[in-house]
Amino acid sequence: MKTLIKKSTLAMVTIVVLSSYIFASATYLIISQTTEANTIPYATNSFDYRYEKASVINYSLEEENYIDDIPFDTREISAEYKYLKAMKENFEFNEEPYIDDIPFKTVETVQSLNNQEDYTNN
């Protein structure tokens with residue numbers, strides 16, 4: 001039974017490969033035998049000549065006048081929009097714990113410095 005399946009599968013694959021080869025060859029023959037159709041109804045040589053002639057000419061274009069097509073300052077509008085958006089935002093900050101940034105008493109330090117200056121001035 002397995003040999004019959006293997007043989008029939010091999011035969012089917014061979015038939016498919018051969019038929020695709022024949023079809024591809026026939027398609028190539030049909031394409032290669034068709035006459036060339038003139039799909040461009042004008043002479044491209046004249047366009048080449050015109051292009052070369054146009055590329056040699058030095059064109060000088062006049063500077064255009066300044067056109068104020070946006071009569072407002074966009075940066076100012078953007079800044080105002082961001083400001084208004086930020087003002088609508090409700091920022092809630094948690095209370096921070098106490099941090100002892102200065103680990104000494106400044107009053108005592110200043111007083112001791114003042115006392116030392118008094119001694120050095122005498």
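I looked up Ile77 first: at 43% relative accessibility, it counts as partly exposed, where buried means under 20% relative accessible area, exposed over 50% and partly exposed in between (1.4 Å probe, protein chains only). Ile77 is found in helix H3. Together with Ile70 and Phe72, Ile77 makes a nonpolar surface patch of about 280 Å². Patches take residues with over 30% relative accessible area and no salt bridge, and join nonpolar side chains (Val, Leu, Ile, Met, Phe, Trp, Tyr) within 5 Å and like charges within 9 Å. A salt bridge is a side-chain nitrogen of Lys or Arg within 4 Å of a carboxyl oxygen of Asp or Glu.

I noted that this is a predicted model, in which local features need pLDDT of at least 70 and side-chain atom pairs count only at pLDDT 80 or more, while totals for chains, interfaces and linings use all residues. Residues are numbered from 1 along each chain as its sequence is written, and side-chain values use heavy atoms, without hydrogens and water.

Next I checked H3, residues 74-88. None of its 15 residues is buried, so H3 lies largely in the open. At its N-terminal end I found Asp73 as the cap, with a side-chain oxygen 3.3 Å from the backbone nitrogen of Arg75.

For the whole protein I counted 4 helices and 0 strands; helices (H or I, at least four residues) and strands (E, at least two) are DSSP runs, numbered from the N terminus. Buried residues make up 0% of the 122 residues.

Last, I read the pLDDT, the predictor's confidence in each residue, from 0 to 100. The protein has a mean of 77. Among its elements, H2 has the lowest mean (71) and H3 the highest (92).

Methods. The expected span of a helix is 1.5 Å times one less than its number of residues. A polar contact is a pair of N or O atoms within 3.5 Å; within protein, one must be able to donate a hydrogen and the other to accept it, and residues adjacent in sequence count only if both atoms are side-chain atoms. Accessible areas come from the Shrake-Rupley method with a 1.4 Å probe; for residues, only the protein chains shown count as cover.
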